[in-house]
Amino acid sequence: MNTSASHERLEADGASSAGRAPAVSAAVVEEFQARGVVVLRGAFREWVEPLRAGVAAVMADPSPFERTVRPDDGSPPFFQDYCNWNRIDEFRRFVFESPAGAVAATLMRSAHARFFHEHVLVKEPGTAVETPWHHDQPYYCVAGEKTVSLWIALDPVARETSVEYVGGSHRWGCTFRPTRFNGTDLFANDRTERVPDISARRGEFDLAGWAMEPGDAVAFSFLTLHGAPGNVSETVRRRAFSARFVGDDAVFRDLGGLGSPPFRDIALADGAPLSGPEFPVVFPPPAAR
Ligand SMILES: O=C(O)CCC(=O)C(=O)O
């Protein structure tokens, strides 16, 4: 567990434009760089209501990418959908008008922040569906050192329901085989190493996780291993909006449209700098460039 409470603080200062970020202290940046994960208290409080409205809109009209896991034990589902920012007004406003891009650029120590995609994750009260331990990098058609996801809580999240992160795993120097939730291969690939059984060896790792309030966020690298239990609450939903950014070193990795998200229509060459309307630069905002 993270004991450095001073590193947990990031209080939103009322900033609401992409050009004006809440202060992210040097200590927070250092912790993100060293541990691969840091909690940002209250950073997106004013975005909770718009994002909840966006989540409701997606759930009412999911995209073709929607994946809802319905557990065999009959407990409630785990809803997931992604890449909806361009059709859901609240999400598009978040991408371009919230301080998320500025926060991401600061944490990544990047001259700019480019939006990669967003992911909606809703664990209904009582769902038994766990999020298996994984890291996101092997699923993605992008490579680079500068990456960050902002997992924003839209409900109160108790510690026993929270996502957990393996501190320092972003520096292990390896990526693990990308699999689906059920353990089958997502696509043919030459990675043989599987994610270690973190749950069985908890004492060996620097596990980080936090009880959260709506508007708190956890920032973590695409390489940081993470996983989550089911939603042990019988009454409180666990709605989350995970916004993903890459920095100025991002290049396209051609996965033949087989990654997750698949991004089947990208015309970039393997290794080319990531660009294009699917991945807008959101910080600095256009007026400041
Ligand atoms: O919300 C969860 O349970 C998992 C989140 C996750 O895997 C992610 O945001 O990359």
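User: Which backbone oxygen does the side chain of Thr-127 reach?

Analyst: Happy to start there. In this predicted model, Thr-127 is found in the loop between S4 and S5. Its side chain reaches the backbone nitrogen of Val-129 at 3.2 Å. The backbone oxygen that the Thr-127 side chain reaches, at 2.6 Å, belongs to Pro-76.

User: Is Thr-127 buried or exposed?

Analyst: Let's look at the surroundings, leaving aside residues up to four places away in sequence: Thr-127 touches Pro-71, Ser-75, Pro-76, Pro-77, Phe-78, Gly-230 and Asn-231. The cut-off for buried is under 20% relative accessible area. Because Thr-127 has 2% relative accessibility, it counts as buried.

User: Which strand gives the most to the shell around the ligand?

Analyst: Good one to follow on the structure. Strands S4 (113-123), S5 (131-134), S11 (226-228) and S12 (238-246) each supply at least two residues of that shell. With 3 residues, the strand giving the most is S12.

User: What percentage of the ligand's accessible area does the protein cover?

Analyst: Oxygen atoms of the ligand lie 2.9 Å from an N or O atom in the side chain of Trp-151 and 3.2 Å from one in the side chain of His-134. A polar side-chain atom of Ser-242 is also 2.9 Å from a ligand oxygen. Of the 290 Å² of accessible area that the ligand has on its own, the protein covers 97%.

Methods. Residues numbered from 1 in each chain as written. Predicted model: local features only at pLDDT ≥ 70, side-chain atom pairs only at ≥ 80, totals over all residues. Heavy atoms only, no water. Polar contact = N/O pair within 3.5 Å; in protein donor to acceptor, adjacent residues only side chain to side chain. Areas by Shrake-Rupley, 256 points an atom, 1.4 Å probe, with all protein chains shown as cover. Helix = DSSP H or I, 4+ residues; strand = E, 2+ residues; numbered from the N terminus. Buried < 20%, exposed > 50% of the residue type's maximum accessible area, 1.4 Å probe, protein only. Contact = heavy atoms within 4.5 Å.
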